[in-house]
Amino acid sequence: MRLARGRLTGAEMILDESWATAHYDFHHALIAACGSPNLLQLCASYFEQAQRYRNVSARFRKTTKDSGASHRRLMNAVLSRQQHAAETLITEHIEQTASNV
C-alpha cells in the first residue's frame, strides 16, 4: 500500500502533494464503483474541503496519528467485501479526521 510506505511523517506527509494525490486516489477508489456521478462529485468536494483543513491543522498538530493503519483496515475490509466493517471503518475514519482538524 503506497500510503503506508511513505517517506514522510506527520505534517510533512499531509503537506506533500504526491501524498495528498495518493490519499485522494485511495479514498476515491473505495467509492468509484458506486454508480452515482452525483455522489462521486459530492464526495470529491467534501474531500477537497477536508484537505484544506488538514493542510492548516497539520502545521499546528503536536501529535501524529497512524493513518496507515486506518487505511490498511479500511482497504482490507473493502477488498474482502465486508460491507458492514467497511462502513464502520470509514465512519470512524471520517470522524477521526474531523476531530483532528
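These questions and answers walk through a predicted model of one protein chain. Local features need pLDDT of at least 70, side-chain atom pairs count only at pLDDT 80 or more, and totals for chains, interfaces and linings use all residues. Residues are numbered from 1 along each chain as its sequence is written, and side-chain values use heavy atoms, with hydrogens and water left out.

Q: In which order do the elements of the protein chain run from the N terminus on?
A: Helices (H or I, at least four residues) and strands (E, at least two) are DSSP runs, numbered from the N terminus. The chain has five helices and zero strands. The order is α-α-α-α-α.

Q: What share of the 101 residues is buried?
A: Buried means under 20% relative accessible area, exposed over 50%, and partly exposed in between (1.4 Å probe, protein chains only). Among the 101 residues of the chain, the buried share is 28%.

Q: Which residues make up the largest nonpolar core?
A: A nonpolar core is a set of buried Ala, Val, Leu, Ile, Met, Phe, Trp, Tyr and Cys residues joined through side-chain atoms within 4.5 Å. In soluble globular proteins, nonpolar side chains tend to be buried together. The largest core here has five members: Phe26, Leu74, Ala77, Ala86 and Leu89.

Q: What is Leu74 in contact with, leaving aside neighbours within four places in sequence?
A: Contact means heavy atoms within 4.5 Å. Leu74 belongs to the largest nonpolar core. Its partners are Phe26, His27, Leu30, Ala86, Leu89 and Ile90.

Q: How many residues apart in sequence are the parts tied together by the pair of Tyr24 and Phe47?
A: Rings of Phe, Tyr and Trp (its six-membered ring) pair if their centres lie within 6.5 Å; planes under 30 degrees apart count as stacked, over 60 as edge-to-face and the rest as tilted. Tyr24 and Phe47 are edge-to-face, 5.4 Å centre to centre with 70 degrees between the planes. Tyr24 lies in helix α2 (residues 17-31) and Phe47 in helix α3, so the parts tied together are 23 residues apart.
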